Amino acid sequence: MIMSNPITNRYDFVVFFDVENGNPNGDPDAGNMPRIDPETGYGVVTDVCLKRKIRNYVETVKEGEPGFEIYIKEGVPLNVSDRRAYEELGIDPKETKKLKKDNPQLDVQLRDCMCKAFYDIRTFGAVMTTFVKDNLNCGQVRGPVQLTFSRSVDPIIPQEVTITRVAITKEDDAAKKDTEMGRKYVVPYGLYRCEGFVSANLARKTTGFSEEDLELLWSAIINMFEHDHSAARGKMAVRSLIVFKHDSELGNAPSYQLFDAVSIAKKDGVEAPRSFKDYEGVVIDEDAIPAGVEVIRKL
């Protein structure tokens with residue numbers, strides 16, 4: 001077993017977060033404008049964006065504590081982290097083909113070593129290209145925690161704001177002008193909804209995602225914007241986290257049935273929401289929740 005006490009219950013969850021005068025997730029294919037569905041006008045935030053926030057939070061609160069290191073991080077090539085598994089098991093990468101013939105469990109041992117060391121592999125999985133190139137089956141790990149793309153509750157209208165600065169980039173230009181022009185894109189206000197899944201089956205069979213890991217995940221989701229503030233992202237906050245706990249490993253209801261039971265609507269007379277107070281609040285249809293599923297409001 002990779003970690004003690006892998007989770008035994010399946011979970012589904014819904015997160016509501018908002019942004020005020022900021023860009024929650026820029027699109028590099030559109031000049032870094034806030035991502036948007038061009039057909040409907042609804043805002044979009046990718047799962048990769050939110051996973052980055054969760055990783056950053058874990059790295060901040062754990063600070064390299066054994067078992068809670070981060071695999072996908074800035075400034076550390078992945079093959080450097082991959083080599084740690086070889087070193088810990090005393091394996092020469094050039095001898096993997098021969099060693100695999102002698103030890104059919106080599107793939108599992110390398111995978112378990114990486115899962116034990118890195119929280120984000122244990123949680124989200126990873127593609128470890130070093131192992132893939134060495135013809136090992138442990139290079140692709142499917143994690144038990146998955147997130148959907150977030151979508152805004154209402155359509156958004158990004159605004160382009162022109163800005164100026166007194167610092168000139170080039171010396172030659174300094175004699176010709178006193179300021180330089182720039183622009184930034186913001187969403188005046190947007191409330192976004194993300195849905196997620198936690199598989200106890202994958203946790204048990206693959207990564208060993210534990211009860212301790214799960215509690216850290218909930219804390220990371222609730223606080224993922226608290227240590228990630230910047231002028232570009234404006235004011236962002238998680239407003240609600242609703243967790244559905246199944247009383248079995250494989251679950252007691254389809255995820256969509258639980259997600260459909262959660263809703264939020266604008267207050268009467270509000271045309272263009274500009275704060276979370278412009279919404280009635282998150283509503284859960286308790287009658288739509290089947291037996292064997294517990295509703296937990298984390299926030």
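Biologist: What should I know about the model before we start?

Modeller: The model is predicted, and local features need pLDDT of at least 70, side-chain atom pairs count only at pLDDT 80 or more, while totals for chains, interfaces and linings use all residues. Residues are numbered from 1 along each chain as its sequence is written, and side-chain values use heavy atoms, with hydrogens and water left out.

Biologist: Why is D18 called buried, and why is R239 called partly exposed?

Modeller: Buried means under 20% relative accessible area, exposed means over 50%, and partly exposed is in between, with a 1.4 Å probe and protein chains only. D18 has a relative accessible area of 3%, so D18 is buried, whereas R239 is at 36% and therefore counts as partly exposed.

Biologist: Which other salt bridge links distant parts of the chain?

Modeller: One of them joins the side chains of E249 and R204, at 2.8 Å from N to O. E249 is in the loop between β11 and α10 (255-260), and R204 is in helix α8 (residues 200-207), 45 residues apart. E249, at 23%, is partly exposed, and R204, at 42%, is partly exposed as well. A search of the whole structure finds 18 salt bridges, and K53, D228 and R233 are linked in a network of them.

Biologist: How do you know what counts as a pocket, and what is the volume of the largest one?

Modeller: On a 1 Å grid over the protein atoms alone, a pocket is an open set of points where a 1.4 Å probe fits, with protein on both sides within 12 Å along at least five of seven lines, and lining residues have an atom within 4 Å of a point. Grid points are joined across faces, edges and corners, and the volume is the space filled by probe spheres set on the points, which for the largest pocket is about 280 Å³. Of its 16 lining residues, the closest to the centre are N23, G26, N32, A232 and R233.

Biologist: How much space lies in the second largest pocket?

Modeller: About 220 Å³ of space lies there, and β10 gives the largest share of its lining, five residues.

Biologist: Why are the buried residues of α2 said to line one face of the helix?

Modeller: In helix α2 (residues 78-89), S81, D82, A85 and Y86 are buried. Seen down the axis of α2, these residues fall within an arc of 160 degrees, so they line one face, the arc being that of the directions from the helix axis to the C-beta atoms. An α-helix has 3.6 residues a turn, so residues three or four places apart point the same way. The face of α2 turned away from the buried side carries the exposed residues E87 and E88.

Methods: A salt bridge is a side-chain nitrogen of Lys or Arg within 4 Å of a carboxyl oxygen of Asp or Glu. Helices (H or I, at least four residues) and strands (E, at least two) are DSSP runs, numbered from the N terminus.
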